[in-house]
Amino acid sequence: MTDRYAVFGHPIAHSQSPRIHTLFAEQTGQDMRYQAILAPLDGFGASVQAFIAAGGRGANVTVPFKEEACRLAARLSEPARAAGAVNTLVFDENGIFGDNTDGAGIVRDIRHNLRHEIAGKNVLLLGAGGAARGTVLPLLRENPAQLIIANRTAQKARLLADRFASASASLPAAIAVDPPRLRGCGLTDLAGRRFDIVINATSAGLSDTPLDISDDVFAPNCLAYEMVYGRQTSFMAQARKANAQVSDGLGMLVEQAAAAFYLWRGVQPDTAPVLKALRGA
Ligand code: NDP
């Protein structure tokens, strides 16, 4: 029988996930079907339970249900627990397992597709919402020289940095998450600072609002990574003007999907042709 998977969100019509997973399944010969499901805003849990009852084997979760999915899961991976958000669910005889593959997706896109090392680099993460939360631990595992989290609401960035610093006991000893290496601050506290990698994990790009950051944050040969995809944002324009190498978040989307696919099927898809097909479209 064909195994069933889905992505739950609200809205969901724009989702690229069905296309990505269908391409992965064709490429790897997996007998599976993947659909988009619009869950009611007050009915995410019931939608997931109905999907499980109909034979669903796993799911992706997108805005605005990632935190709710975290509460729904009986067991969580370490990245999901650290982020307090789940983007991948597995349904099996042990119940519901929740993982967060967003961080693994962006790290793989930066290292493997864009060929930028994170180890030893000064990294700036803009934003302190769900996407930023999912990215902190996987970035720390790459051992950057410094990871600064900067957010419009400075207090949220400080709380996020503190949360990971206090969880550092569960990290490998090599990752010393002390205050100079991991710090939260406001966007306006960045004056005079330069970074090798700048990741925009804010949603400012969706409304095309310029971010209140100076061009100086982009060091020479900087990688400027915009998590938003499918449009040019003012962050990308500013980074280009400052001579940074610029990437959108399409690679992250495909790589987080590949990590979810591996979790479900135990098969690693080749992301390059899928990314190429999506860029072509
Ligand atoms: P959240 O709503 O959880 O967080 C939004 C963040 O953006 C907050 O830090 C908020 O700051 C900040 N922000 C919003 N507007 C502005 C502005 N005008 N100026 C400065 N900061 C602003 O969203 P998510 O974290 O879930 O998602 C963030 C982005 O990442 C989205 O655009 C999403 O599409 C993208 N994303 C991409 C993925 C991919 O695979 N490529 C995966 C996941 C997310 P404050 O706290 O001050 O409100």
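For the grouping of residues used here, Ala, Val, Leu, Ile, Met, Phe, Trp, Tyr, Cys and Pro count as nonpolar, Asp, Glu, Lys and Arg as charged, and the others, Gly among them, as polar. In this predicted model, the shell around the ligand comprises eleven nonpolar, nine polar and three charged residues.

In total, 23 residues surround the ligand, and the closest are Ala131, Asn151, Arg152, Thr153 and Lys156. The side chain of lysine 156 places an N or O atom 2.7 Å from an oxygen atom of the ligand. Backbone atoms also take part: an N or O atom of methionine 227 lies 2.9 Å from a ligand nitrogen atom, and one of glycine 249 lies 3.0 Å from a nitrogen atom of the ligand. The ligand taken alone exposes 940 Å², of which the protein buries 78%. Two or more residues of the shell are given by each of the elements α6 (130-141), α8 (204-207) and α10 (250-265).

Strands of a sheet pair through backbone hydrogen bonds, either parallel or antiparallel. In this model, six strands form an open sheet of mixed pairing, in the order β2-β1-β3-β5-β6-β4. Strands β2 (32-38) and β4 (75-76) are the edges, each pairing on one side only. Strands β1 (residues 3-9) and β3 (residues 56-61) run parallel and are joined by five bridges; phenylalanine 8 has valine 61 of β3 as its bridge partner.

Two helices pack on the sheet. Helix α1 (residues 17-28) touches β1, β2 and β3, and its direction makes about 175° with that of β2. Helix α2 (residues 44-53) touches β1, β2, β3, β5 (88-92) and β6 (95-99), with its direction at about 170° to that of β1.

Key:
Residues numbered from 1 in each chain as written. Predicted model: local features only at pLDDT ≥ 70, side-chain atom pairs only at ≥ 80, totals over all residues. Heavy atoms only, no water. Near = heavy atom within 4 Å. Polar contact = N/O pair within 3.5 Å; in protein donor to acceptor, adjacent residues only side chain to side chain. Areas by Shrake-Rupley, 256 points an atom, 1.4 Å probe, with all protein chains shown as cover. Helix = DSSP H or I, 4+ residues; strand = E, 2+ residues; numbered from the N terminus. Pairing = 2+ DSSP bridges. Contact = heavy atoms within 4.5 Å. Axes fitted to C-alpha atoms, helices over the stretch in contact; angles between N-to-C directions.
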